[in-house]
Amino acid sequence: MRGGAAARLACCLLLQLVAAGEGHGVQPLSRIAIHRARVALDASAAVRASPPLLGSQGEDTAWVTVNFVVPHPSDGDWIGVFSPSYFNASTCPGSHGGPGPVICSAPIKYQFANYSSDYGKSGKGTLKFLLINQRQDFSFAVFTGGLSNPKLIAVSNKIAFANPKAPVYPRLAQGKAWNEMTVTWTSGYDINEAYPFVEWGIKWNPAVRTAAGTVTFDRESICGDPARSVGWRDPGFIHTAFLTDLWPNKEYYYKIGHMMPDGNVVWGKLNSFKAPPYPGQKSLQRVVIFGDMGKAERDGSNEYSNYQPGSLNTTDTLVKDLDNIDIVFHIGDITYANGYISQWDQFTQQVEAITSRVPYMIASGNHERDWPNSGSFYNVSDSGGECGVLAETMYYTPTENRANYWYSTDYGMFRFCVADSEHDWREGTEQYKFIENCLATVDRKKQPWLIFIAHRVLGYSSGFFYGRDGSFAEPMSRESLQKLWQKYRVDIAFYGHVHNYERTCPVYEKQCVSSEKSHYTGTMNGTIHVVVGGGGSHLSNFTADVPAWSVYREMEYGFVKLTAFNYSSLLYEYKRSSDGEVYDSFTLHREYRDLLACVKDSCPPTIPSA
């Protein structure tokens with residue numbers, strides 16, 4: 001990548017700004033014009049990081065102190081964190097000399113130097129960064145010239161974790177069978193270096209070991225820039241083990257590990273999970289649903305301050321209540337990495353306290369999948385060149401084809417039909433057939449609670465983006481799918497994409513079919529549609545006028561919790577991430593005969609009795 005590489009990278013970064021579009025924000029790392037960087041090392045400038053060795057007790061996060069001196073300080077000076085630590089032109093792909101960028105990889109995070117008090121006067125500063133184990137060493141670089149014309153003037157010593165290859169950040173997900181749990185994690189060990197496995201079992205019983213499969217990807221596996229250029233970072237190796245024949249609702253303990261050729265084992269942390277209930281099992285079952293969370297930085301580094309400001313609040317509020325949560329659905333726009341691959345590691349670490357304890361089921365969003373001419377339904381570049389590869393590799397989902405990110409999963413009295421809004425869902429398509437089959441094959445006597453999920457709004461939203469043209473949803477979506485929701489009596493449909501919260505009445509063909517707002521009983525004549533896209537990314541405005549079908553809406557960060565008590569009683573709660581308190585709720589009470597009762601377009605024609 002020489003010669004015209006700088007121009008190509010400039011075009012790539014411009015595309016990222018355009019692709020962000022209304023309501024999607026700008027990936028903060030894309031603001032750094034790293035392809036324009038100049039190297040002008042200054043003997044009077046210095047930067048030093050300590051301690052040099054991190055995680056000596058097996059920790060996978062560590063605080064690092066960075067001291068720096070700049071002879072002519074200015075507001076545009078910034079400190080970049082680079083990993084791997086060596087990042088000059090020789091690391092550029094296809095580097096053979098000649099003109100081209102001198103730095104080809106973006107930092108994994110950055111901070112402006114003037115966040116250190118008195119820096120502007122003295123030229124001396126101290127910042128603290130929180131690093132995670134990401135399989136490579138680190139260095140810190142001082143740049144002047146701001147983000148648009150960076151000039152490198154000093155590079156620090158290298159620092160590293162004691163075992164950069166250690167297995168980290170376990171992620172649970174339900175398998176294709178109800179009594180199967182999958183464990184996915186990341187390490188630096190290829191299969192020819194160490195054998196990945198999970199040791200697991202029930203307390204007081206002998207543990208067993210289950211081997212894990214190993215996958216990875218390279219630049220050629222993804223679709224475009226910045227993922228293939230300045231955003232590229234080696235993803236390491238992703239391992240998945242399938243724990244089968246689980247006893248319903250039983251607590252299991254597990255540890256991820258890698259057996260070395262000499263028989264020694266490198267262990268991860270000890271964790272536990274509760275096995276899923278049998279489909280139709282009557283027990284207390286609690287589900288959390290949200291979208292569009294992204295990641296943020298606990299060290300105060302500023303690149304995410306205006307991008308996903310609610311992300312940590314949502315994460316922390318869920319962790320506090322984790323003993324009262326059984327399964328989580330993150331319905332698209334997972335990390336907002338947008339082609340900056342280092343951010344996926346950082347996200348998996350942020351949510352590890354959740355994903356290591358309960359199944360974390362994801363759906364595909366535009367920021368995971370969409371890229372021109374890659375088979376996505378929307379010909380836009382929101383994924384930053386990832387074209388679904390990162391999401392499909394980093395997280396397990398029980399799909400039949402990982403490239404088609406739709407699937408069904410059962411959890412006790414719930415059936416979840418998870419659509420992929422980034423692939424065609426119109427009548428006659430493969431996905432439409434999947435959706436109908438998922439809705440049609442559930443036994444509502446035993447699994448009365450039928451939930452539809454998609455990232456983009458295929459139902460109803462009065463978000464400004466959807467409301468300005470009067471569609472209040474993705475074009476053609478309701479026309480294609482509402483007869484399925486009605487025919488199969490879908491209780492609630494959830495969406496993200498719009499960064500706010502909104503709940504409709506039970507609705508069919510744009511008309512409320514019930515005047516009730518908080519206590520629904522008996523026959524449901526329509527589906528309740530919910531936008532729950534306030535997981536963490538910057539908030540989105542509503543239309544000025546409130547449509548008749550909109551019951552409650554607010555611009556706040558939050559998530560929904562569903563609690564099924566039995567076959568006839570469901571509690572719905574919308575909670576704000578800021579305090580975990582309930583701000584919108586309703587109850588749904590009905591019997592099986594209510595599901596059998598015919599409503600408009602739900603039953604075939606009948607023959608009158610003689």
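Student: Is Cys603 buried, partly exposed or exposed?

Tutor: Start with the terms: buried means under 20% relative accessible area, exposed over 50%, and partly exposed in between (1.4 Å probe, protein chains only). Cys603 has 31% relative accessibility, so Cys603 counts as partly exposed. Cys598 is exposed, with a relative accessible area of 51%.

Student: What kind of model is this, and how are residues numbered?

Tutor: This is a predicted model: local features need pLDDT of at least 70, side-chain atom pairs count only at pLDDT 80 or more, and totals for chains, interfaces and linings use all residues. Residues are numbered from 1 along each chain as its sequence is written, and side-chain values use heavy atoms, leaving out hydrogens and water.

Student: What joins Cys598 to Cys603?

Tutor: A disulfide is a covalent bond between the sulfur atoms of two cysteines. The cut-off here is a pair of cysteine sulfur atoms within 2.5 Å. Cys598 and Cys603 are joined by a disulfide, S to S 2.1 Å. The torsion about their S-S bond is -100°, and the link is left-handed.

Student: How many disulfides does this rule give?

Tutor: Four. One of them pairs Cys417 with Cys438, with sulfur atoms 2.0 Å apart. Cys417 lies in strand 23 (residues 414–418) and Cys438 in helix 8 (residues 430–440), 21 residues apart. Helices (H or I, at least four residues) and strands (E, at least two) are DSSP runs, numbered from the N terminus.

Student: Are Cys417 and Cys438 buried or exposed?

Tutor: Cys417 is buried at 1% relative accessibility. Cys438 is buried at 2%.
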